[in-house]
Amino acid sequence: VPNVVAWTTLIDAYTQHGLGKEAIECFKKMQNEGVNPNVVTYICVLKACGIARCVEVGEIIDVMVRNQGVFHTDVSLGNTMVDMYMKCGKFEKARNLFDELPMRDVVSWNALIAGYVDHRLGKEALECFKEMKDEGVCPTGVTYSCVLKACGITQCIDIGECIEADVRKQGLLKKDIVLGNALIDMYAKCGVLAKAQEVLEGLHVRDTVSWSALIAGYAEKGHCNEALKCFEQ
């Protein structure tokens with residue numbers, strides 16, 4: 001007889017592999033068999049809803065966790081709900097829920113910022129970043145990567161340069177290639193290609209994403225010879 005742990009393990013496995021619809025189907029079968037979900041189950045299914053962009057099931061789970069009184073007791077559950085609504089493009093609902101959270105941490109803010117960036121709402125992402133700093137919450141590498149993408153979207157190089165100064169001061173570029181790549185991409189999108197090249201050359205490790213960001217930047221600005229030289233390198 002499969003219990004809540006068995007069902008949750010299966011749901012989580014599907015979710016971890018990006019199979020949101022399959023995870024949601026498992027959740028429905030679990031309910032049909034009369035097995036009551038726990039907080040971990042809800043978190044896994046909410047992630048699945050975000051992957052599958054299935055806001056209808058997410059809204060049902062929202063009601064369930066509120067009725068059971070667990071929404072205000074688990075920060076991870078609240079953060080996952082915010083992330084789900086953002087991924088589904090329900091920005092106002094996500095923001096209202098975010099404001100309801102009894103405690104907001106860097107993960108809460110990252111969910112909002114990343115959600116806006118994924119939908120190319122760079123201005124809104126940068127406003128959230130400012131609010132986050134005003135509240136005294138310290139950004140992580142994930143925060144910086146998302147905000148650099150927002151700077152690229154909005155062509156806001158001033159904030160991008162401030163972030164570069166912060167991450168260099170903290171030594172984050174030495175151990176976070178995703179952050180380094182985001183910095184290259186931001187400068188490339190803003191047309192500051194010499195700076196993008198400089199950042200790339202300073203990275204301890206460079207991958208396909210690093211080079212592709214620079215090549216794309218040169219190509220988009222019509223510098224075909226430089227793009228081809230980068231490709232050869």
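**Close-up 1. Contacts of Ile 113 in the predicted model.** Leaving aside neighbours within four places in sequence, Ile 113 is in contact with Ala 125, Cys 128, Phe 129, Met 132, Thr 143, Cys 146 and Val 147. Together with Val 82, Ile 113 touches the most other members of the largest nonpolar core, which has 79 residues. Helix H7 (residues 106-118) gives the most to this core, contributing eight residues.

**Close-up 2. One face of helix H8 is lined by buried residues.** Here we look at H8 (residues 122-134), whose 13 residues reach 19 Å from first C-alpha to last, close to the 18 Å expected at 1.5 Å a residue. Gly 122, Ala 125, Leu 126, Cys 128, Phe 129 and Met 132 of H8 are buried. Seen down the helix axis, the buried residues fall within an arc of 155°, so they line one face of H8. Their cover includes H6, H7, helix H9 (141-154) and helix H10 (157-170). Lys 123, Lys 130 and Asp 134 are exposed on the other side of H8. After the helix comes Gly 136, with a positive phi near 80°.

**Close-up 3. Phe 98 and Trp 109 form an edge-to-face pair.** This is one of two aromatic pairs found in the whole structure. The ring centres lie 4.7 Å apart, with 70° between the planes. Phe 98 belongs to helix H6 (residues 91-100) and Trp 109 to H7, so the pair ties together parts 11 residues apart in sequence. Phe 98 is buried, at 0% relative accessible area, and Trp 109 is buried at 0% relative accessibility.

**Close-up 4. A charge over a ring: Arg 66 and Phe 71.** Arg 66 sits over the face of Phe 71, 4.5 Å from the ring centre.

Definitions and conventions: Residues numbered from 1 in each chain as written. Predicted model: local features only at pLDDT ≥ 70, side-chain atom pairs only at ≥ 80, totals over all residues. Heavy atoms only, no water. Core = buried A, V, L, I, M, F, W, Y, C linked by side-chain atoms within 4.5 Å. Buried < 20%, exposed > 50% of the residue type's maximum accessible area, 1.4 Å probe, protein only. Helix = DSSP H or I, 4+ residues; strand = E, 2+ residues; numbered from the N terminus. Contact = heavy atoms within 4.5 Å. Phe/Tyr/Trp six-rings, centres within 6.5 Å; stacked < 30°, edge-to-face > 60°. Lys NZ or Arg CZ within 6 Å of the ring centre and 35° of its normal. Expected span 1.5 Å × (residues − 1). Arc of directions from axis to C-beta.
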